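Hi everyone, thanks for making time for this. Let me put the chain up on the screen, and then I'll walk you through a few parts of it.

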Amino acid sequence: MDTSKILELLSYTVPAIITGLVAYNFFNIHTKNEEGRRRYLLSKEAQKNAFPIRLQAYERMTLFLERMSLANLLIRIPPISNDKNDYSNFVIAQIEQEFEHNLAQQIYMTDECWTIITTAKNATIQMIRKGAIMDTVINADSLREALLNELLEKQTPSNAALGYIKKEVSQMW
């Protein structure tokens, strides 16, 4: 084969190879874009369906925090006996029962929000326990009075958690 034939062959094959590579890259990019677009549409549809469920989870946890608010608890739950320890254990059991009832809501919330709700629950329980071991508290009624007086001095943990929930829900829009 002489060089003129080789050059002629190369002059036909090199542009064909370049055109093939360009076409391959173009279709490869196009396929990736289409796949990304389909994923985006599926994700958008899933979010549209999940939004009401997430909002309902936030509503349920708002209700839990309202019911767990120490002032609401002490008004709603009368002493079962005159013993301060029996009363504090009963109130704590009510909080735990309500919390366990709403435990599944955590899958629809952010980890940070769930942690704040759990911390508010634990802080409320801690306030009740601290009140029950005070020397000035002698019975269930004096425990209720001491806890209500403590609420006048500082913000309840459930109110702080409610503020966080409101902020997080407002960011969902």
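Let me begin with a term: buried means under 20% relative accessible area, exposed means over 50%, and partly exposed is in between, with a 1.4 Å probe and protein chains only. Please keep in mind that this is a predicted model, where local features need pLDDT of at least 70 and side-chain atom pairs count only at pLDDT 80 or more, while totals for chains, interfaces and linings use all residues. Residues are numbered from 1 along each chain as its sequence is written, and side-chain values use heavy atoms, with hydrogens and water left out.

Now to the charged pairs. A salt bridge here is a side-chain nitrogen of Lys or Arg within 4 Å of a carboxyl oxygen of Asp or Glu. By that rule the count is five. One of them joins Arg67 to Glu98, with the closest N and O atoms 3.1 Å apart. This pair links distant parts of the chain, since Arg67 sits in helix H1 and Glu98 in helix H3, 31 residues apart. Helices, by the way, are DSSP runs of H or I with at least four residues, strands are runs of E with at least two, and both are numbered from the N terminus.

So is Glu98 buried or exposed? Glu98 counts as buried because its relative accessible area is 19%.

Glu34 is partly exposed at 22%, and Arg37 is partly exposed at 43%. Then there is Glu150 with Lys154, where the closest N and O atoms are 3.3 Å apart; Lys154 is partly exposed, with a relative accessible area of 45%.

On to the nonpolar side. A nonpolar core is a set of buried Ala, Val, Leu, Ile, Met, Phe, Trp, Tyr and Cys residues joined through side-chain atoms within 4.5 Å. The largest one has 36 residues, and those with the most contacts inside it are Leu65, Leu70, Ile117 and Ile165. Helices H1 (3-68), H2 (70-76), H3 (84-101), H4 (111-132), H5 (140-153) and H6 (157-170) each supply at least two of its residues. Which helix gives the largest share? That is H4, with eight residues.

Let's zoom in on Ile117. Leaving aside neighbours within four places in sequence, Ile117 is in contact (heavy atoms within 4.5 Å) with Met61, Phe64, Leu65, Met109 and Ile165.

How do H4 and H6 sit against each other? Their axes come within 8 Å and cross at roughly 170 degrees. The axes are lines fitted to C-alpha atoms, for helices over the stretch in contact, and angles run from 0 to 180 degrees between N-to-C directions. H4 and H6 are therefore roughly antiparallel, a label for angles over 145 degrees, with under 35 being roughly parallel, 65 to 115 roughly perpendicular and the rest oblique. Residues meeting across this pair include Ile117, Ala120 and Thr124 in H4 and Ala161, Tyr164 and Ile165 in H6.

Last stop: Gln105, in the loop between H3 and H4. Gln105 is buried because its relative accessibility is 9%. Beyond its neighbours within four places in sequence, Gln105 touches Ala57, Arg60, Met61 and Trp114.
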